[in-house]
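The points are grouped by topic.

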There are 2 protein chains.
Amino acid sequence: MEKVSANRSFGGTQGVYTHKSSVTGTDMTFSVFVPPHAEGATLPVVWYLSGLTCTHANVTDKGEFRAACAELGLIFVAPDTSPRGEGVPDDPAGAYDFGLGAGFYVDATEAPYAEHYKMWSYVTEELPAVIAANFPADMERQAIMGHSMGGHGALTIGLTLADRFRSVSAFAPIVAPGRVPWGEKALTGYLGTDTAAWRRHDAVALIEDGARVPALLVDQGAADQFLEGQLRPELLAAACSEAGITLTLRMQPGYDHSYYFIATFMEDHLRWHAARLT
Amino acid sequence: MEKVSANRSFGGTQGVYTHKSSVTGTDMTFSVFVPPHAEGATLPVVWYLSGLTCTHANVTDKGEFRAACAELGLIFVAPDTSPRGEGVPDDPAGAYDFGLGAGFYVDATEAPYAEHYKMWSYVTEELPAVIAANFPADMERQAIMGHSMGGHGALTIGLTLADRFRSVSAFAPIVAPGRVPWGEKALTGYLGTDTAAWRRHDAVALIEDGARVPALLVDQGAADQFLEGQLRPELLAAACSEAGITLTLRMQPGYDHSYYFIATFMEDHLRWHAARLT
């Protein structure tokens, strides 16, 4: 692991790091905020998974999470959204919603993506080991959250690894990728046309198939341009209701899909996670 | 005035706007955050002047001011740092510290800069009229703050227009441009070699020449790479001491010159302004 930058902020350190990933076969960049803490202490970890087109930098610059993480004593980890670099195939047409910046948190099985696009294994196995080895992290206390495609990642990872993550939340998540254009394109491209293989990467399908967590927090802008076509939180609400999962779904009037929305409710989410982590 | 974008955030509206400036002879872009407020209410205005290389966007993305402005009921205005566009001359060598992104909040008198580089008049006359005409602003209650070159702008404008601005603060300001390389280059280029003309654009010289405000708040990172060569807050401290101006100068251990530093202390500054505005 190499340090790209480290800046004092809110009494802690906002760092950006790179490492060679054996899972993706590329260099990967991520950011970590470590809040002020007592010498020798270990701290709970909140994972933040970003949305389409993003890198670690978007939330690091615009997420406004450091004040709350400093107050609550939370480490905040922001991975990239796809492998990058020479030899990593992109969307054939260069579209924003597949390939670079759009890994969808799956391990691809389809050529030519299967070689590098292993974001599920990267986020759930390789990067956690890097975090555990290099930061004052208490890996027994982890939470996961994300935005849009990253909300999809947070929900599917949180539901699948329910023993690992004490809490799960999302901003404007893609809740049912198997039933919306972004997800249909991505899951076809990465996993192929057999939709049975998609269900492990679809939060609503996971719940229908028996995955359980005690509670979920979702904020959704009511003026989000992607609400009806791509996000469809009502499908998550129905699945949670059927499954007995306590979903706090807050429709936020006037808010769109941007970081102006995310930053507004970031503190609420971090307090919600902290209450379950500390 | 044309709206470039408007996003709901922290219950208010973060907007970006452009207008044709008759002062600079160019289109100018700026951002305004209007917090939630009662219908018909007018709100105090905080001006934020940005540093070298910045546009309105840096603080708008990374300044973390909206939560506090929403709580305190403050309008937050962020102008650009120079004229831009076809026909606007830049630094002859394309350096970052003069020309585009580096207007230094003066009205240039030297060719070829005098035609467009009128940032003093733009920030103190033309843009305030645009704000007064288009936003729920109480122009009887204004404060000014800034970072680095923009800290220089905030101090010189605040000291010069002490009847207009109820409070003045800065992050890592250039306090004595007439005595440091950034300032010497800029003031020579914009105002010429007669250093007498520089004194109205040098906070320390202004105080030496009799300008007064009741109090100043300055935060300065102790690990700022520009501290000794360009910023020199000790010169401001000496001038304020001599003049009987109450300067709160906080040296912040470990902090650098970045927005990670600014964001950390933004809320403190906004509370300090609000206490004098509301």
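Of the residues of chain B, K62(B) lies closest to the rotation axis, its C-alpha being 2.8 Å away. Chain B can be laid on chain A by a turn of 180° and a shift of 0.0 Å along the axis, with an RMSD of 0.0 Å; that is the relation of a two-fold axis. The superposition is by least squares on the C-alpha atoms of residues with pLDDT of at least 70 in both copies.

The model is predicted: local features need pLDDT of at least 70, side-chain atom pairs count only at pLDDT 80 or more, and totals for chains, interfaces and linings use all residues. Residues are numbered from 1 along each chain as its sequence is written, while chains are lettered from A and ligands numbered from 1 in the order in which they are written.

**Contact between the chains**

- In chain B, 15 residues are in contact with 15 residues of chain A (C-beta atoms, placed from the backbone, within 7 Å).
- On the side of chain B that touches chain A, two or more residues each come from β1 (2-9), α1 (56-62) and α9 (259-277) of chain B; helices (H or I, at least four residues) and strands (E, at least two) are DSSP runs, numbered from the N terminus.
- The same surface serves both copies, as 100% of the contact residues of chain B recur in chain A.
- α9(B) lies across β1 and β2 of chain A and runs at about 25° to β1(A) (axes are lines fitted to C-alpha atoms, for helices over the stretch in contact, and angles run from 0 to 180 degrees between N-to-C directions).

**The sheet of chain A**

- Nine strands form an open sheet with mixed pairing, in the order β1-β2-β3-β5-β4-β6-β7-β8-β9 (chain A); two strands pair if DSSP finds at least two bridges between them.
- Its edge strands, each pairing on one side only, are β1 (2-9) and β9 (246-252) of chain A.
- β1(A) pairs with β2 (residues 12-20) of chain A in the antiparallel sense over seven bridges.
- A6(A) stands opposite G15(A) in β2(A).

**Helix α4 of chain A**

- Of the 12 residues of α4(A), 11 are buried, so the helix is largely enclosed by the rest of the structure (buried: 20 or more other C-beta atoms, placed from the backbone, within 10 Å of the residue's own).
- Among the buried residues of α4(A) are M149(A), H152(A) and L159(A).
- The cover over the buried residues of α4(A) includes β4, α3, β6, β7 (165-171) and α6 (203-208) of chain A.

Technical notes: Contact = placed C-beta atoms within 7 Å.
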